Amino acid sequence: MDNKEELEIISEWPVTAQDTLGKRSTNISKVKKRKFEETGTFSKIRRLQRSEEPLVSVAVAKWWRKQAQDTKQCYTNILPRSNNSDTLLAGIMRLDITQDFMQSEIKRLTVLLKKNGPCSNLTAVLGSFYEKLGNFEAAKQHLEKAVSLDDTVAEYRWLLGKVKRQVKVQEEQRSALVRLPTPESALSMPVYQKVDRVSATNLTAERFYEEYSSKHKPVIITDIDVTAISWTLQYLKTQAGECTVTLKHSVENSCEWARLENKEQTTVSDYINRIERLDETGDPEGYLFDWSLPIHCPKLVQELRVPRYFAGDFLQRTTEGSLYRDSWPSLFVAPAGLCSELHVDAFGSNFWMAMFQGSKRWVFFPRSDLPHLYPQYPNNMDPVFEADIANPDLERQPLLHLTCPSECVLSEGEILFVPAGCPHRVENLTTSVAISANFVDLSNWTTVLEELELSALVDPRSNDLLKQFKSNTFDKTMLYYNEEVPWSKFKGATES
C-alpha cells in the first residue's frame with residue numbers, strides 16, 4: 001500500500017465483545033462483509049490521503065480502541081449484548097463519554113476549517129459528527145456544502161441522502177404534532193383494521209393489480225397452492241436437512257434490519273430437531289430467517305409454482321447475475337413466540353409470503369405512517385424504528401395516535417401480499433414454515449428507482465441494476481397470468 005495513503009474500513013471494525021473490554025480482536029484486520037445473498041453489497045472501502053479526516057464511525061472506533069481497559073470495563077453492562085459491529089458502535093456512541101468526545105471533535109474540526117479555508121473533507125466529517133449527535137439540520141447543511149465543494153465523492157452524496165431522509169421525517173413529525181388531541185389522556189393506539197381475504201378463484205391477476213398492488217393495499221389470498229407437496233418440518237428435513245444455515249435472534253437496540261442479528265450456524269435438520277424438542281416452557285433457539293433457496297438449496301426451489309399475481313417480476317428481466325434476480329424466494333422456519341420487529345422491506349420492493357405450516361400474526365402500517373413510527377437511519381437507508389408497537393408508549397411517542405394499523409393472522413395454505421414501503425411486524429403464533437419473495441412491477445417502479453439511485457452511489461451492483469432498469473430497451477410491460485407459473489418457466493420465460 002502506498003505510504004501516502006491509508007485504508008479506511010467503514011466502521012473500522014469488527015469490534016467484538018472482547019474489544020469492548022479492551023482486548024485485541026483477532027479480526028481487526030478483516031473487512032466486515034454484509035451477507036451477499038441478501039443485499040449483494042460489501043462494506044465500503046476507500047483510500048484516504050493522510051491529510052484527510054475519517055468520518056465519524058471510523059473516528060469513534062479508533063478513539064474507543066485507545067481507551068484504557070478500566071474505562072471500557074465501566075461500560076460493560078451498558079453496551080448492547082451483541083457481536084454485531086454496527087450495534088456495538090451505536091451503543092458506544094450513546095455513552096456520555098463518547099458524546100463528549102464527538103463534541104470536542106466538532107470544536108477541533110471547526111477550528112481546522114476556519115484555519116484552512118473551504119474543504120470538502122473537513123466539512124463532510126463535521127456533518128457526519130452532527131448526524132450522530134442528532135443535529136440533522138446542521139449535518140445536512142455541512143454535507144450539502146461538502147458536496148458543492150466536491151461532488152465526485154459518492155460517499156458524501158450517499159450520506160447526504162441518508163441525512164435528508166431523517167430531516168424529512170422530523171419535518172413531517174413536527175407537522176403532525178399539531179393534529180394531536182388534547183389533553184394527552186385522549187391519546188390512544190388506534191383500533192387495528194382487518195386485512196382483506198380473497199379467494200384465488202375470484203381474483204384474477206389484473207384485478208389484484210388494480211385493487212391491491214397499484215393501491216398499495218395488503219391482502220390475503222386463499223385457495224392457492226404453490227407446491228404439489230406441502231413443506232412441513234419433516235419434509236424440509238428430508239430435502240434440505242444437510243444444508244448449513246445461519247440462525248438469527250432478536251437483539252434489543254440492534255441496528256440491523258428487523259432488529260435481527262446472526263446467532264449461530266447449524267444444519268436445517270439440527271435446527272428442526274431443536275424446535276421439535278421444545279416444550280411449552282422452552283425458550284426459542286433462533287430463527288431460520290430469510291434463507292435464500294435459489295442460492296442455498298436450488299433443488300428445493302425447483303418444486304415451486306410462483307403465484308400468478310407476482311410472476312411478472314421485473315427482476316427476472318435483468319441479466320443473469322444481476323442484484324436480487326436470484327435472491328428469492330427465501331425460507332422462514334421458527335418456533336412459536338419469535339418475532340421480527342417493525343421493519344420495511346429493502347429497496348422499495350413489494351413482498352409476498354406463502355404459509356406451509358403454522359400461523360403468523362402480522363401488523364401493518366401504510367407507508368404514510370412511517371414518520372409516526374419514529375424511524376432512525378443509523379447505518380443505511382433501511383429504517384430502524386423506535387416505536388414498540390407490541391408495548392406502545394404514547395407519552396414518549398404520541399404520534400402513534402395518528403397511525404392507521406391493520407392486522408391479520410396468516411395461516412396454512414394462504415398467501416399474503418405486502419406493499420412496498422409498508423412497515424410491518426411479524427409474530428410466530430405457532431411453529432411455522434413459510435417462504436417469501438420480493439418483486440418489482442409498475443406498482444412500485446418509481447420507489448425502486450429512487451432507492452436504487454441512492455444505493456448505487458456506494459454499491460456497484462445496485463448501480464448495474466439501476467442502469468438496466470433505466471435503459472430505454474428495458475421491458476416494463478405488465479404480464480398477467482391465469483394460473484401459477486412453474487419455477488423453470490418463471491426463471492426462463494424472459495430468456496426464451
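Gln193 stands opposite Ser406, a residue of strand S16. That strand covers residues 406-411 and runs parallel to S3, to which 2 bridges join it; strands here are DSSP E runs of at least two residues, numbered from the N terminus. This is a predicted model, where local features need pLDDT of at least 70, side-chain atom pairs count only at pLDDT 80 or more, and totals for chains, interfaces and linings use all residues. Residues are numbered from 1 along each chain as its sequence is written, and side-chain values use heavy atoms, with hydrogens and water left out.

Step back now to the sheet. It is open, has 5 strands in the order S3-S16-S13-S18-S11, and shows mixed pairing; two strands pair if DSSP finds at least two bridges between them. At its edges lie S3 (193-194) and S11 (339-343), each pairing on one side only.

Let us turn to two helices (DSSP H or I runs of at least four residues). The axes of H10 (residues 233-240) and H11 (residues 268-277) come within 9 Å and cross at roughly 160°; axes are lines fitted to C-alpha atoms over the stretch in contact, with angles from 0 to 180 degrees between N-to-C directions. H10 is therefore roughly antiparallel to H11, a label for angles over 145 degrees.

How far can you trust the model? Mean pLDDT, the predictor's confidence in each residue from 0 to 100, is 89 for the protein, and 88% of its residues reach 70 or more. Over residues 1-50, though, pLDDT is below 50. Where pLDDT is low, the predicted coordinates should not be read in detail.

Terms used. Angles under 35 degrees count as roughly parallel, over 145 as roughly antiparallel, 65 to 115 as roughly perpendicular and the rest as oblique. Contact means heavy atoms within 4.5 Å.
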